[in-house]
Amino acid sequence: MHVELKSTFESGLPPGDSHPYRSGVWRPQASEFDAWDMDVVEGAIPEDLSGVYLRNTENPLFEPIKRYHPFDGDAMLHAISFGNGEARYANRFVRTDGFLAEQEAKQSLWAGITEHPSNAIAEHGWGARTMMKDNASTDVVVHGGVALASFYQCGELYRLDPRTLEDLGQTSWGGKFPAEGVSAHPKIDEHTGEMLFFNYSAEAPYMHYGVVSRDGELTNYIDVPLPGPRLPHDMAFTENWSILNDLPLYWDPKALADGYYSNRFDRDGASRFALIPRHGRTEDIRWFEADPTFVLHWTNAYEDGDEVVLDGFFQHNPTARGTSRMPPELKGFETLDMNVLQARAHRWRFNLVTGECREESLSDLCTEFPMINGRHAGRRHRYSYNAICAEHLFAFDGLVKHDLDTGSEEVVSFEEGVFISETVMAPRDGSIAEDDGYLVTFTSDMVNDVSECLILDAARPTDGPVARIRLPERIASGTHSTWASAADL
Ligand SMILES: [Fe+2]
C-alpha cells in the first residue's frame, strides 16, 4: 500500500481519554491520508465494482465546553473508490465554518446537543435549536457528482469531491439555499437525478420541504405547517410522493419556553405523515395518522395501487424507559442503543382513496440503519440490509439481509471486537437483479487494532468476504454512508 500523510491536526483531547465516545471503537483520528495500491489481505477487488463508498463520522479534536455527546464531533469523511479491480482511499475532515473557527481558537466554541445553547462561546451558530456548531457529521450523499455532508439539526451542505474529498465549499443553489438550512438525510432519486430535502426549526411553520434538480436548481420549496416544533430525522419518497413526518416525540413545550431543549414523548399522540406530491404545494399535502412512535430512519417507500407503502423502524420504547443495565460510563446515552429503543422493521400503508393507514411489524429483531439498492429508492424493493447494534453502544456488530417478500432474515456476524459501518449495497456493473452486487463497509477491529474495507456478495452475504482491503490506520466507528456508482460521479 502506498500511503501519503496529507495533514495532522492538533488534538486538545486528554491523553488516555476515557470518554466512551472518544475512546475504543470511537477513538477519533487526527490525521488525513491518501492511499493507493491498497493491500488486499483476502480475496480480490471485483472488476465489476465501479464507484465510491463514502462514510461520515463524529471525530472531535477538542474538549467540549461542558459535556461531550457523540453527535457533537467534527465530520470526517472516509472514501474508497473502485474501478478496474483497483481501489483508492482518502479521509478528510470536512472544513466546516465551525471546524475552521475552532482550529483557529484551539478550543470548542459551541455548546453540544446535551449542553444549554447559552454555554456557547461563539456569538452565532446553526441548527434548529440555534447556537450549535454545524458539524456536518451526520450524513453524506452524492448529488450531481458532488459529495454533500449534512447535519441532522439543519445547516449547510458541505461539498467535496467524492473520490479525493477535496473541499469544494458550501452549497448555494444559485443564492437560493434556504436560510433555515437543510437537515441530514436528503434523498436522491437516481432515476431523475433530483434531490429531495426538508428542514425544521422552532419557528412556525416549523418545517419546509424542497426539491433540487440534478443541475443544482431549487425547483420547489414549500412550507409544511406543523402544530409546533418537531424533531423529524429522516424522510422518504416514491415516484410521485415525498413523505415527511410529525411524530409525537419532540421538545417539551414548557421547557422550551424557558430555553431548555428536553425531549418528551406523547404516548397519547399520533404519528402523523405528510404525503406531498413531489412538485406540489402546501395545500396539496395529505396527512395520515398512525400509532405513536419515533422513527429514526426510513428504509424506502413505493406506490402499490391505491396505496403508498413506507418501511422504517418503529421504536417500541422511544424514551428508553426502564433501562437499567447500562454500564455507568454509558449512563445518559441510553437512547443511542437501538436495542434499548426496540427499533424493529415496520411497514405503514397509506390508502390514498380511503385516507386510512394500516401498519404491521415486519421483524422481531432489533435493527436500524437500513440500506437498499439505490436504484430501488422510491420504487418497490425486496431486500434491505440493516445494521445490528452492539449492546449498550452506538456501534454496529452485525448485519441482516431482510427479504421483505418472504420475511426471511439472514444474519451476518463478525468476530468479537470487530465493528462495521453503515453498509451500502453497490450494484454490480450491468446488474439487473436487485441483490446482484456487493455489500461494502468499513470495519474497526479492536482486537488487531486495524481497519479494513470489507466487501461481501449481496446475494450470499454469509459466504464470507469477497475482499478485505487494509486501510492506513484504524478508523473511528461512524454515522451514515452512501454508495455512488461511477455513472453518477
Ligand atoms: Fe440518521
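This is a predicted model: local features need pLDDT of at least 70, side-chain atom pairs count only at pLDDT 80 or more; totals for chains, interfaces and linings use all residues.
Two strands count as paired if DSSP finds at least two bridges between them.

**View 1. A four-stranded open sheet, with Met-371 facing Tyr-385.**
Let's start with the pair: Met-371 stands opposite Tyr-385, which belongs to β26. Strand β26 covers residues 383–389 and pairs with β25 in the antiparallel sense, over two bridges. Step back and you get four strands in the order β25-β26-β27-β28, with antiparallel pairing in an open sheet. Which strands stand at the edges? They are β25 (368–371) and β28 (409–413); each has a single partner strand, so one side of each is left without a neighbour in the sheet. On average, neighbouring strands here are turned by 25° against each other, direction ignored. As a reminder, strands of a sheet pair through backbone hydrogen bonds, either parallel or antiparallel.

His-297 and His-480 link distant parts of the chain, 183 residues apart. His-297 is in the loop between β20 (286–290) and β21 (298–304), while His-480 is in the loop between β33 (467–470) and β34 (481–485). Both of these histidines, His-297 and His-480, are buried.

**View 2. Trp-26, a buried loop residue.**
Trp-26 lies in the loop between β1 (2–8) and β2 (31–36). Its relative accessibility is 1%, so Trp-26 counts as buried. Leaving out residues up to four places away in sequence, Trp-26 touches a set of residues that includes Pro-20, Tyr-21, Phe-394, Ala-476 and Gly-478. Ser-444 is 418 residues from Trp-26 in sequence, yet the two are 9.1 Å apart in space, C-alpha to C-alpha.

**View 3. Two separate nonpolar cores.**
The largest nonpolar core has 54 residues. Among those with the most contacts inside it are Tyr-21, Phe-273, Leu-310 and Trp-348. A second, separate core has 23 residues, including Ala-128, Leu-196, Met-207 and Leu-231. In soluble globular proteins, nonpolar side chains tend to be buried together.

Notes:
Residues are numbered from 1 along each chain as its sequence is written. Side-chain values use heavy atoms; hydrogens and water are left out. Buried means under 20% relative accessible area, exposed over 50%, partly exposed in between (1.4 Å probe, protein chains only). Contact means heavy atoms within 4.5 Å. Axes are lines fitted to C-alpha atoms, for helices over the stretch in contact, and angles run from 0 to 180 degrees between N-to-C directions. A nonpolar core is a set of buried Ala, Val, Leu, Ile, Met, Phe, Trp, Tyr and Cys residues joined through side-chain atoms within 4.5 Å.
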